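Subject: Handover of a structure and its findings

Dear colleague,

Please find the structure below.

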Amino acid sequence: MGRRPARPPVPASEFAGFRFPPEVIVLAVRGYLRYALSYRDVEEFLAERGLVVDHVT
């Protein structure tokens, strides 16, 4: 029997290394996809909730 190749380490979270918490990312992506918002609309949407995010982020 041969040895299995080593697997790369799995990150603790799919959101590891991102600047914003997973809840903010999910909220922004949901608004962008579900309601077909532009990046600037998502920026305004998050600003209404007290989150300062630039549309290029």
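The notes that follow describe what was found, topic by topic.

This is a predicted model, in which local features need pLDDT of at least 70 and side-chain atom pairs count only at pLDDT 80 or more, while totals for chains, interfaces and linings use all residues. Residues are numbered from 1 along each chain as its sequence is written, and side-chain values use heavy atoms, with hydrogens and water left out.

The nonpolar patch

Val29, Tyr32, Leu33 and Tyr39 make a nonpolar surface patch of about 420 Å². A patch is made of residues with over 30% relative accessible area and no salt bridge, where like charges are joined within 9 Å and nonpolar side chains (Val, Leu, Ile, Met, Phe, Trp, Tyr) within 5 Å. Accessible areas come from the Shrake-Rupley method with a 1.4 Å probe, and for residues only the protein chains shown count as cover. Helix α1, residues 22-34, gives the most to this patch, with 3 residues. Helices (H or I, at least four residues) and strands (E, at least two) are DSSP runs, numbered from the N terminus.

Val29 is placed in helix α1 and is partly exposed, because its relative accessibility is 41%. Here buried means under 20% relative accessible area, exposed means over 50%, and partly exposed lies in between (1.4 Å probe, protein chains only). Val26 is also in helix α1, and its relative accessibility of 35% makes Val26 partly exposed.

The largest pocket

The largest pocket holds about 400 Å³ of space. A pocket is found on a 1 Å grid over the protein atoms alone, as an open set of points where a 1.4 Å probe fits, with protein on both sides within 12 Å along at least five of seven lines; lining residues have an atom within 4 Å of a point. Grid points are joined across faces, edges and corners, and the volume is the space filled by probe spheres set on the points.

The lining has 18 residues, and Ala28, Val29, Val42, Val53 and Thr57 lie nearest the centre of the pocket. Two elements, α1 and α2 (39-47), each give two or more residues to this lining. The largest share, 6 residues, comes from α1. By type, the lining divides into 13 nonpolar, 2 polar and 3 charged residues. In this count Ala, Val, Leu, Ile, Met, Phe, Trp, Tyr, Cys and Pro are nonpolar, Asp, Glu, Lys and Arg are charged, and the others, Gly among them, are polar.

The salt bridge

How many salt bridges are there? The count comes to 1, with a salt bridge defined as a side-chain nitrogen of Lys or Arg within 4 Å of a carboxyl oxygen of Asp or Glu. The side chains of Arg49 and Glu48 form it, at 3.8 Å from N to O. Arg49 is partly exposed at 45%, whereas Glu48 is exposed at 60%.

Most residues other than glycine have a negative phi. Ala36, however, has a positive phi, near 50 degrees. Ala36 lies in the loop between α1 and α2 and is exposed, because its relative accessibility is 64%.

Yours sincerely
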